[in-house]
Amino acid sequence: TTFSLLLLAVVSSLRGRTKLELFRSTLPFSLLHKAFLIFAFSLGTIFTATLLLCITDSSFGLAALLFESTSAFCTVGLSTGITSSLSEAGRCAIMGCMFIGRVGTLVLAFTVGQRKEKTDYAYPEGNMMVG
């Protein structure tokens with residue numbers, strides 16, 4: 001659902017719409033911000049674990065190490081069969097990735113969902129060149 005929400009935001013932006021609409025309802029942008037935060041956290045964790053595996057176990061290919069770290073983060077139980085051949089540091093990276101993938105994303109979503117910060121002021125609207 002997180003990825004589909006991000007995809008919906010891209011499609012809405014490409015169509016020039018300023019609101020997120022799905023099944024005749026408007027989705028709040030706070031939901032999009034949460035989805036983007038979870039996606040960025042997940043991508044960062046997988047990237048970091050893959051980088052650690054590339055440093056500790058460079059004898060394996062990048063595709064196999066990326067698959068291992070992605071599978072560990074998503075806790076799906078799939079493997080290319082190289083997990084038992086990884087170094088101690090590599091196995092620790094895989095275990096950390098599994099733990100963060102199982103607990104970290106839920107804690108992050110819960111933490112972000114709990115924080116309601118109200119401000120009594122508003123900055124003037126700014127504009128910047130993107131391209």
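User: What does a search of the whole structure for aromatic pairs find?

Analyst: Keep in mind that this is a predicted model. The search turns up one aromatic pair. Phe-3 and Phe-39 form it, with 6.5 Å centre to centre and 40° between the planes.

User: Why is the pair of Phe-3 and Phe-39 called tilted?

Analyst: Look at the angle, which is 40° for this pair. Stacked needs planes under 30 degrees apart and edge-to-face needs over 60, so the rest count as tilted. That's where this pair lands.

User: What makes the pair a tie between parts apart in sequence?

Analyst: Phe-3 sits in helix 1 (residues 2–14) and Phe-39 in helix 2 (residues 29–56), so the pair links parts that are 36 residues apart in sequence.

User: Why does Phe-3 count as exposed, and why does Phe-39 count as partly exposed?

Analyst: Exposed means over 50% relative accessible area, and buried means under 20%. Phe-3 has 56%, so Phe-3 is exposed. Phe-39 has 32%, which falls in between, so Phe-39 is partly exposed.

User: How do you know that the buried residues of helix 1 are on the same side?

Analyst: The buried ones are Leu-5, Leu-6, Leu-8, Ala-9 and Ser-12. They cover an arc of only 155° around the axis, so they share one side of helix 1. The face turned away from that buried side carries the exposed residues Phe-3 and Leu-14.

User: What do the buried residues of helix 1 pack against?

Analyst: They pack against strand 1 (20–22), strand 2 (25–27) and helix 2.

How values were computed. Residues are numbered from 1 along each chain as its sequence is written. This is a predicted model: local features need pLDDT of at least 70, side-chain atom pairs count only at pLDDT 80 or more; totals for chains, interfaces and linings use all residues. Side-chain values use heavy atoms; hydrogens and water are left out. Rings of Phe, Tyr and Trp (its six-membered ring) pair if their centres lie within 6.5 Å; planes under 30 degrees apart count as stacked, over 60 as edge-to-face and the rest as tilted. Helices (H or I, at least four residues) and strands (E, at least two) are DSSP runs, numbered from the N terminus. Buried means under 20% relative accessible area, exposed over 50%, partly exposed in between (1.4 Å probe, protein chains only). The arc is that of the directions from the helix axis to the C-beta atoms. Contact means heavy atoms within 4.5 Å.
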